[in-house]
Amino acid sequence: MRRLRRAHRKYTRANRMLRRRVIAIGAAAAVSVAGGAIAAGPVIPVGDRHQMIAAQDADRDFLADREEQAIGYQPFRADQNGNAFPDGIELAAYCADAISRLPNQASASDPGRTYKNEMLLLGSELCEVCGESINMGTVEVVNPELGLRVELPIIAVHFMEHGSFSYAGELHKGRSNVPVLLRTLGIRFPVEMDEHQLPLDYSTDKDPEAPGVNDLDGDRLTDEEELATGLNLYQADQNENLLPDGMELAQRFAEQIDRLPTFDPDQPEAKGLYKVSYMMRGLEWCGICGQSVNMGFWQIVDSASGMTIDVPVIAWHYMQHGSFSFHGSVHGVDRIDVAALDQILGRPTRCGDLGTLNLPGDLNGDCRVDFRDLAEMAGRWLDSTDSAVEPPDQK
Ligand SMILES: [Ca+2]
Ligand SMILES: [Ca+2]
Ligand SMILES: [Ca+2]
Ligand SMILES: [Ca+2]
Ligand SMILES: [Zn+2]
Ligand SMILES: [Zn+2]
């Protein structure tokens, strides 16, 4: 607890410092802060007094039941991604972070890009929780591509930084429209926006051909890959853990590769699933973060089926960041064969893992059939007039 409090104090101090710096240098500086190659996620504030439980919030995760329904979250699970933060707090912090990174005006080179208009006024209001003086103006977020815009009082963003979509200032009180804000910002899950997650049609001057790809659900797995791996084309987060499935699979495969026993090419053949290390005397640079890795590769071998697949170290670097597409100085722009990798590595089959089915009666998907499922059922029953919902077996 003390550690959390310290982290929180550090977070608020850093925030205050940042704000002071932005005021001192002027608005233009805020843009360059966002120009760095890698965007680290926000620090999630815990146990902050700014956080207020919304009305009708069954799981008390700071998202109202109706909001959860609108954004496709589960109203009876407070921590869907299992990282010990209530989902609403985390999501609010990510929204504040995304707003702080937006450029201040429409971009001439990329007219579809989302931007913000800060409309400061000559006057401020006090935060009713911490007493901080906040400009009484508003910030408008504009998504030209979707034709969406939201206007928020600046005090609302202050509360979002503290993990709350509800806000209370001297002048402005209320709650941000969570579904509209998320849609406008292009946020669906509280996950770090990491620039290693290359768009599926990513190309460079050197590698101009981008593969023609469809990704119906936008989870960074192509339709073809979803079909080949038996995943759902239409669901970006099939196991409902708030991680887009393409990202999740890439990270999981990276971990699995890491854990495989490693052999040198001149060692006698091993049995089972293992990797042979073909490291080379040379480095390769990542096109996103500039980190250098060995320019070599691992050959993954399954002695039972005789299958092998080569995974360049640079591809593994990108998979750790949640991307099957990669861009290195030696291997260029390419994408790993997801179907082949899936076939050779196999997928873990614990309940809740991607591609596994829930137990019958496990309505809230927490891998247990217990009283919580009854609560879920009661909730669904109250919400719907559909009398076809039957109670789960009680054993
Ligand atoms: Ca809730
Ligand atoms: Ca929830
Ligand atoms: Ca997809
Ligand atoms: Ca997922
Ligand atoms: Zn405050
Ligand atoms: Zn990198």
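User: Why are helix 8 and helix 9 called oblique to each other?

Analyst: This is a predicted model, where local features need pLDDT of at least 70, side-chain atom pairs count only at pLDDT 80 or more, and totals for chains, interfaces and linings use all residues. Residues are numbered from 1 along each chain as its sequence is written, with chains lettered from A and ligands numbered from 1 in written order. The axes of helix 8 (residues 245-259) and helix 9 (residues 313-320) cross at roughly 130°. Angles under 35 degrees count as roughly parallel, over 145 as roughly antiparallel, 65 to 115 as roughly perpendicular and the rest as oblique. Helix 8 and helix 9 are therefore oblique.

User: Which residues of helix 8 and helix 9 make the contact?

Analyst: Helix 8 brings Ala 250, Gln 251, Phe 253, Ala 254 and Ile 257, and helix 9 brings Trp 316, Met 319 and Gln 320. Contact requires C-beta atoms, placed from the backbone, within 7 Å.

User: What makes helix 4 oblique to helix 5?

Analyst: Helix 4 (residues 87-101) and helix 5 (residues 154-161) pack at about 125°. That angle makes helix 4 oblique to helix 5.

User: How do you know that the span of helix 4 agrees with its 15 residues?

Analyst: The expected span is 1.5 Å times one less than the number of residues. For helix 4 that gives 21 Å, and its end C-alpha atoms are 21 Å apart, so the two agree.

Key. Axes are lines fitted to C-alpha atoms, for helices over the stretch in contact, and angles run from 0 to 180 degrees between N-to-C directions. Helices (H or I, at least four residues) and strands (E, at least two) are DSSP runs, numbered from the N terminus. Two residues are in contact if their C-beta atoms, placed from the backbone, lie within 7 Å.
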